[in-house]
Amino acid sequence: MPSSGHRLRDVEHHPLLTENDNYDSSSSSSSEADVADRVWFIHDGCGMICAVMTWLLVVYADFVVTFVMLLPSKDFWYSVVNGVIFNCLAVLALSSHLRTMLTDPGAVPKGNATKEYMESLQLKPGEVIYKCPKCCCIKPERAHHCSICKRCIRKMDHHCPWVNNCVGEKNQRFFVLFTMYIALSSVHALILCGLQFISCVRGQWTECSDFSPPITVILLIFLCLEGLLFFTFTAVMFGTQIHSICNDETEIERLKSEKPTWERRLRWEGMKSVFGGPPSLLWMNPFVGFRFRQLQMRPRKGGPEFSV
């Protein structure tokens, strides 16, 4: 068994431990089947606060757009069209956020580095595998350990506190959609703010909103600042994610300058592997593959997550 000091490029992974395989032993024979019926959630204080703040900021933006700018407008179709567009973007953004936060990013089963399992692999002489000393699991290629999730994550890109989860093999598409829809809604909110300021300056401040002029100005200024910050952050993240997918290289692999030991899926092949299938409108849908699950509290030992 190699020590924890072995470098990834020095490790020859057993064929049973590729990215698409899971641990299977008598001690947890039903664990993998149960995972498909459970929703992943991380008990991290900072992450939960950031996730709640994200929702509150989106709800605030929706409140200002709807009740401060659109409903008081005298142009009916202007209000309807922009209201539908902005609320659709907000719903898609929050849905993508939920899917990112509540989807298992690709966690490797804990504690599968047992003597019985090692013997079942029937390793050839000189063939080595890599064991994570922190969660005692057999690490597949391109898996990295997250100190917050306390699990090894397949194709881990990074841990994002704003979604209270790692971005990995199974939820990267939802994170990309989240950043895209937040960026689009931020741009839309900024445009509406600009039009609202022009309308109020040309007319009467008391007539362009149901709120008093000072309150209206404060709400609009705060929304502009929020829109600028959200757009800058999410646009950059969206660009880096698309770049990583097209180059089949995670952020961790890029920062560590790890030499690829896998066959890269470049450009469209990488996009297809993340979003699934050929290019279509389904790529933009965060509800693909969603199914309702029954709420079941299940205690788990040695980890911060619970399942529903």
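## Basis and overall make-up

Residues are numbered from 1 along each chain as its sequence is written, and side-chain values use heavy atoms, with hydrogens and water left out. Because the model is predicted, local features need pLDDT of at least 70 and side-chain atom pairs count only at pLDDT 80 or more, while totals for chains, interfaces and linings use all residues.

The protein has 8 helices and 8 strands. Both are DSSP runs numbered from the N terminus: helices are H or I with at least four residues, strands are E with at least two. Of the 308 residues, 44% are buried. Buried means under 20% relative accessible area, exposed over 50%, and partly exposed in between (1.4 Å probe, protein chains only). The protein exposes about 16600 Å², and carbon and sulfur atoms supply 64% of that area. Areas come from the Shrake-Rupley method with a 1.4 Å probe; for residues, only the protein chains shown count as cover.

Contact means heavy atoms within 4.5 Å. Among contacts between residues at least 6 apart in sequence, 72% join residues at least 24 apart.

An unreviewed UniProt entry places the feature "transmembrane region" at residues 48-70, 76-94, 174-198 and 218-238. UniProt positions are given in the numbering used here, feature names are shortened, and annotations may be inferred rather than shown by experiment.

Residues 48-70 are 100% helix and 0% strand, with end C-alpha atoms 32 Å apart. Residues 218-238 are also 100% helix and 0% strand. Their end C-alpha atoms lie 30 Å apart.

Val 64 sits in helix α2 (residues 45-70). Its relative accessibility is 0%, so Val 64 counts as buried. Leaving aside residues up to four places away in sequence, Val 64 touches Met 69, Leu 219, Leu 220 and Leu 223. Val 64 and Phe 222 are 158 residues apart in sequence, yet 9.8 Å apart in space, C-alpha to C-alpha.

The whole structure holds 6 aromatic pairs. Rings of Phe, Tyr and Trp (its six-membered ring) pair if their centres lie within 6.5 Å; planes under 30 degrees apart count as stacked, over 60 as edge-to-face and the rest as tilted. Tyr 60 and Phe 222 form an edge-to-face pair, 5.1 Å centre to centre with 85 degrees between the planes. Tyr 60 lies in α2 and Phe 222 in α6, so the pair ties together parts 162 residues apart in sequence. Tyr 60 is buried at 18% relative accessibility. Phe 222 is partly exposed at 43%.

## Other aromatic pairs

The rings of Phe 76 and Trp 77 are edge-to-face, because their centres are 5.2 Å apart and their planes stand at 75 degrees. Phe 76 is exposed at 54% relative accessible area. Trp 77 is exposed at 60%. Ring pairs also link Phe 63, Phe 67 and Phe 211 into a cluster.

## One side of α8

Helix α8 (residues 268-275) buries Gly 270, Met 271, Val 274 and Phe 275. These residues cover an arc of only 115 degrees around the axis, so they lie on the same side of α8. The arc is that of the directions from the helix axis to the C-beta atoms. Their cover includes α5 (172-202) and α6 (213-247). Just after α8, Gly 276 takes a positive phi of about 85 degrees.

Strands β4 (residues 143-146) and β5 (residues 151-154) pair in the antiparallel sense over 4 bridges. Pairing requires that DSSP finds at least two bridges between the strands. His 145 stands opposite Cys 152 in β5. The hairpin has 4 residues between the strands, and Lys 150 takes a positive phi near 60 degrees.
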